[in-house]
Amino acid sequence: MTEAFVSLRGVSKSYDGLVRVVEQLDLDIRQKEFLTLLGPSGSGKTTILTMLAGFETPSSGEIYMSGKPISHVPPHGRNIGVVFQNYALFPHLTVAQNVGFPLEVRGVAQSEREKRVRDMLEMVGLSQHVARYPAQLSGGQQQRVALARALVFHPDLVLMDEPLGALDNALRKRMQIEIKALQRRLGVTVVFVTHDQGEALVMSDRVAVFDKGRIQQIAPPQEIYARPSNAFVAEFIGETSWFLGEVSAIEGEECVVDTPAGKIRARAASPLQQGALVRVAVRPEDINLVGPDTPATVRGVLEDTTYLGDHLMLTLRTAIGTAVSVKAPKPGQSNPLRVGEEFGLSWEAHHAVAFAEER
Amino acid sequence: MATPAPFLSARGKLVLLALPMLLFMLLFFFIPVGSLLVRAVQDPELGAIAPNLQRELRAWDGQGTPPDSVVLALRDDLAAAQKDRRAAIVAKRAAEADPKLRPAIMDAAKASLADPQLSVQAVLNLDPVWRDAACWTRLRDVFAPFTDRYLLSALDLKRDRDTQEIVKVAPDQAIFLATLQRTLGVSLAVTLICLLLAYPLAYVVVRQGPVMQALMLTFVMLPFWTSILVRSAAWLVLLQTHGVVNETLMSLSIISEPLKLVYSRSGTILAMVHIQLPFTFLPIYSVMKSVPDSYVRAAQSLGAKPFYAFRRIYLPQTLPGVAAGCLLTFILCLGYYITPALLGGPADQLLSYYVAYYLNQEVNWSMASAVALMLLVVTLVIYTIYARFVPVLRQVEG
Ligand SMILES: Nc1ncnc2c1ncn2[C@@H]1O[C@H](COP(=O)(O)OP(=O)(O)OP(=O)(O)O)[C@@H](O)[C@H]1O
Ligand SMILES: [Mg+2]
């Protein structure tokens with residue numbers, strides 16, 4: 001494992017002295033990694049970023065950068081680039097002046113400054129618009145300027161707070177790839193905030209899932225998706241169908257769960273006791289649809305189909321009323337799926353995960 | 001099928017909506033201002049006293065000796081004027097062109113009143129002036145319905161009696177340019193002091209919570225809701241020689257003699273600043289409210305120290321408010337009358353004082369108009385400068 005570059009140790013933050021928006025946070029940010037903070041609105045993502053940037057100080061705990069505490073270093077002394085959600089481009093400066101600003105404050109000579117600004121703007125594909133004012137640019141172009149401005153002074157760390165939130169879907173997809181490529185190329189450490197799980201999975205080296213000011217899981221995207229460590233993460237990332245039941249047998253990593261819909265084999269997310277109440281999560285793409293007479297884990301009646309271009313999302317309802325989402329390939333003309341038909345649903349045991357549930 | 005043409009085009013509707021305002025502007029702004037401009041070059045005084053004489057003089061081409069009709073009009077109008085004791089006004093005005101005309105007119109007026117049937121020859125024989133063609137020409141010029149004399153004297157200039165060339169008036173009569181300079185100086189001082197007070201204040205106010213902000217705004221606005229007359233009078237009470245301020249300072253032994261706070265420049269400026277502060281404050285405040293914190297934060301995260309971030313990022317974005325607030329205050333200051341009249345000494349009066357003086361004391365509308373016109377021109381010039389520069393500032397908002 002790489003040495004931690006930035007470390008948060010026991011960091012808590014409260015704005016009003018009553019509610020802790022960030023709670024006893026321990027987080028290591030590695031050199032050159034792309035770390036995404038993912039979580040629902042109000043989970044404290046922006047607060048963590050503002051503490052890293054130095055706009056807010058932690059109520060308790062300490063932030064270290066390269067081993068040195070920085071909680072009381074002012075923002076301008078931190079060498080951290082920030083891309084704000086609304087970009088915060090200076091409206092009275094041109095694109096070139098905006099991007100040149102961090103160099104200007106660092107006293108970089110005019111000629112050197114112009115060259116670096118030019119190179120940076122070329123890198124983000126904006127060379128033609130240097131003399132324009134931010135108000136004369138499209139949202140995507142403004143985004144690129146903000147990016148160039150946050151990168152041009154070779155910061156140790158770049159913070160981005162939902163930088164793609166204001167862009168349309170297609171542009172957002174493109175910018176995700178471009179930002180990721182740029183980050184690799186420049187070898188810069190990025191902490192990225194989003195509440196879009198797709199974005200987090202596409203861009204990150206590691207994803208930290210937050211809820212109520214606490215890290216729920218921090219892991220590479222594949223692991224977050226495939227091996228969520230608790231029910232919140234499983235629910236928040238990707239689509240999930242849930243079965244509530246009681247553990248009736250334990251076989252190594254796996255357990256058998258008795259649910260009203262039938263017996264389900266599942267991998268235990270944490271060590272479980274026999275008789276424990278659990279929720280079993282299954283992803284739509286792991287479920288196979290079989291004919292009504294074929295043996296299957298559970299059975300359900302097709303209730304709804306949603307056409308999504310390259311595939312269908314089916315909603316089935318089991319006898320006891322649990323809704324199950326199933327991802328299915330587009331059906332051939334010969335055997336269309338009919339609403340009201342009964343199907344069997346089956347999956348491999350290791351695709352189902354059982355989470356302990358409070359009784 | 002063609003849709004029926006709407007009763008009014010979209011443009012027509014807009015014009016219709018703006019019509020009441022346009023009418024209002026026409027009736028209460030453009031027409032009064034226009035008549036003001038005309039007043040400044042019009043000379044209605046003599047025409048009102050001697051309408052026939054004016055008509056006949058203007059009908060005459062001014063060459064050689066005047067026809068009899070002019071002489072008869074002189075006789076009749078002067079007789080009528082003498083009856084109302086107004087012939088002296090004509091004589092005084094004529095004397096400005098030629099001193100010899102004054103006794104000649106007074107004599108002619110008395111003689112005509114005594115004998116309304118005086119013959120042309122008898123009139124001409126009353127005084128050698130009437131046999132001098134050049135004097136008649138001068139009288140004709142005196143009766144010109146339009147004149148630049150008021151405009152010129154508002155600029156401390158006049159036409160030389162003999163050469164008709166524009167020359168400076170004697171230094172002891174030159175008051176207007178000095179007053180204009182004083183008006184500009186006082187307005188500038190008030191504007192600058194207001195800016196120095198309002199900018200930091202607005203900066204503090206926008207950084208308060210909503211409750212505190214509302215409270216602070218109320219305090220700033222409080223003077224706004226009291227009449228200028230009342231406030232100027234209140235300052236008089238506070239600042240006069242044995243007023244609250246002087247008495248307090250003296251009882252605290254900070255000063256031994258009362259300070260001259262009223263009937264002085266400083267008292268005038270103090271009271272004007274107090275009145276103008278909300279006008280400067282509000283535009284700055286509203287612009288500051290629209291500048292989000294994130295700009296300064298961004299600047300700091302990019303490495304700018306707080307003061308640099310303020311100077312390079314925050315200040316330029318608030319300049320449109322500064323420009324608007326200062327313009328408003330400066331232009332309003334140019335027109336101040338009551339406050340300098342109450343709190344200023346004789347040497348602290350601004351241009352408006354002379355407008356009022358000519359209207360109320362001298363009843364010389366033309367002179368009042370000429371001074372007011374000067375004020376209007378200065379205001380327009382300043383506004384034009386503002387309009388030239390502020391689009392440059394506004395451009396940033398796209
Ligand atoms: N300046 C502030 N003063 C008081 N409370 C604040 C302040 N900033 C944030 N909060 C509160 O802290 C909590 C976390 O806010 P934060 O902005 O960190 O959430 P977030 O995860 O970024 O949410 P979002 O995805 O909506 O941006 C919220 O309940 C918010 O109301
Ligand atoms: Mg946020």
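1. The lining of the largest pocket comprises 16 nonpolar, six polar and 16 charged residues. In this division Ala, Val, Leu, Ile, Met, Phe, Trp, Tyr, Cys and Pro count as nonpolar, Asp, Glu, Lys and Arg as charged, and the others, Gly among them, as polar. The model is a predicted one, in which local features need pLDDT of at least 70 and side-chain atom pairs count only at pLDDT 80 or more, while totals for chains, interfaces and linings use all residues. Residues are numbered from 1 along each chain as its sequence is written, chains are lettered from A in the order in which they are written, and side-chain values use heavy atoms, with hydrogens and water left out.

2. The largest pocket holds about 1,500 Å³ of space and has 38 lining residues, with B:Arg93, B:Glu96, B:Arg149, B:Tyr150 and B:Ser153 nearest its centre. On a 1 Å grid over the protein atoms alone, a pocket is an open set of points with protein on both sides within 12 Å along at least five of seven lines; a cavity is a set where a 1.4 Å probe fits but cannot get out; lining residues have an atom within 4 Å of a point. A volume is the space filled by probe spheres set on the points, which are joined across faces, edges and corners.

3. Which element gives the most to the lining of the largest pocket? H5(B) does, with five residues. Helices (H or I, at least four residues) and strands (E, at least two) are DSSP runs, numbered from the N terminus.

4. Chain B is assigned domain 1 (44–147) and domain 2 (176–397), the bounds coming from an automatic or database domain assignment. Taken over C-alpha atoms, the centres of these two domains of chain B are 53 Å apart. Each of them supplies at least three residues to the lining of the largest pocket.

5. Between the chains, 21 residues of chain B are in contact (heavy atoms within 4.5 Å) with 25 residues of chain A. There is one salt bridge between chain B and chain A, defined as a side-chain nitrogen of Lys or Arg within 4 Å of a carboxyl oxygen of Asp or Glu. A:Glu104 pairs with B:Arg312 in a salt bridge, their closest N and O atoms lying 2.6 Å apart.

6. The whole structure has one cavity of 30 Å³ or more. Residues including A:Leu147, A:Met160 and A:Gln183 line the largest cavity, and H5(A) gives the largest share, three residues. This lining divides into seven nonpolar, one polar and no charged residues.
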